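Have the sequence and the 3D view open as you read.

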Amino acid sequence: MKFSYSWLAAYAELPPLAAAAGAEEHLRVAEQLATELTSVGLSIEGIELVAGDPVLDVEVTSNRPDCMNHLGLAREIAVKRGTQLRQPVFSFAESLSAAGPRASVQIDDPEGCPRFTLRIIRGVKIGPSPEWLVRRLEAIGSRSINNVVDATNFCLWECGQPMHAYDLATVPGGEIHVRRARAGEKVVTLDGKERELDPEVLVIADRTRAIGLAGIMGGLDTEVTKRTTDVLLECAHFDRRRIRIGAKRLGMHTDASHRFERGADFEICAEATR
């Protein structure tokens, strides 16, 4: 699992990467951090320079889902060094009107999905992400897609919470249902493949059909495109066993399923959507 040194340095007190320093110095600084992480049970499989930024390939064991993101790994570094963790600082304008009239959630399988949150983001202009965001994602091998999808991937790698964005116009009435798939039900996922489902698979559905695989991958029909103007943002917590079963039956492994199978943070949903 790859982590950007400069991204970690946004949250943990780390030696700065001097612009005038060469590659050898940048690698030396990263190797010092690698030694510290190894001493607390987080082995380093390699270090590479990506546009001058050292990227550490960290072996995060399945019992440490809290370290499968930059903020979590930075917390470990802060504890090891006895320094303060810098929490992300952000602000945004939030409407005083509730999303209720335009969006709703019905959970038919509360064991499989004990928490589900939605936000509506209006007046979105889909386009390229700012350079700093593209640089951070590409440093760890995540391809930039567009500003909305990149924002969800940034949050995944920042705090460890998978999220999914829907084009609100493609979800009739903004109604989301979390349920088991029906026998023989099919959905085309974002990778363009048609998946045949069974009742062991937890799905996200609209009024009539499945539109995504809960905790695994969204559906193609509701994806954010250049035509999108309003976004329905999902941030949920799914049962690790249910996601493991679904992913195994479908032969899928994604960044989202990897985290849910190992135990995402139940309490972070509302905060992550901010």
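This is a predicted model: local features need pLDDT of at least 70, side-chain atom pairs count only at pLDDT 80 or more; totals for chains, interfaces and linings use all residues.

Glycine 212 sits across from glycine 218 in β12. That pairing belongs to β11 and β12 (residues 217-218), which line up antiparallel over two bridges; strands count as paired here if DSSP finds at least two bridges between them. Strands (E, at least two residues) and helices (H or I, at least four) are DSSP runs, numbered from the N terminus.

Residues are numbered from 1 along each chain as its sequence is written, and side-chain values use heavy atoms, leaving out hydrogens and water.

## The β10–β11 hairpin

β11 (residues 210-213) also pairs with β10 (residues 202-205), running antiparallel with three bridges. Alanine 205 has alanine 210 in β11 as its bridge partner. Four residues separate β10 and β11 in this hairpin.

## Helices α3 and α5

Now for the helices. The axes of α3 (residues 70-81) and α5 (residues 147-159) come within 4 Å and cross at roughly 20°. Axes are lines fitted to C-alpha atoms, for helices over the stretch in contact, with angles from 0 to 180 degrees between N-to-C directions. So α3 and α5 are roughly parallel to each other, a label for angles under 35 degrees.

In contact terms (heavy atoms within 4.5 Å), His70, Leu71 and Gly72 of α3 meet Trp157, Glu158 and Cys159 of α5.

Notes: Angles under 35 degrees count as roughly parallel, over 145 as roughly antiparallel, 65 to 115 as roughly perpendicular and the rest as oblique.
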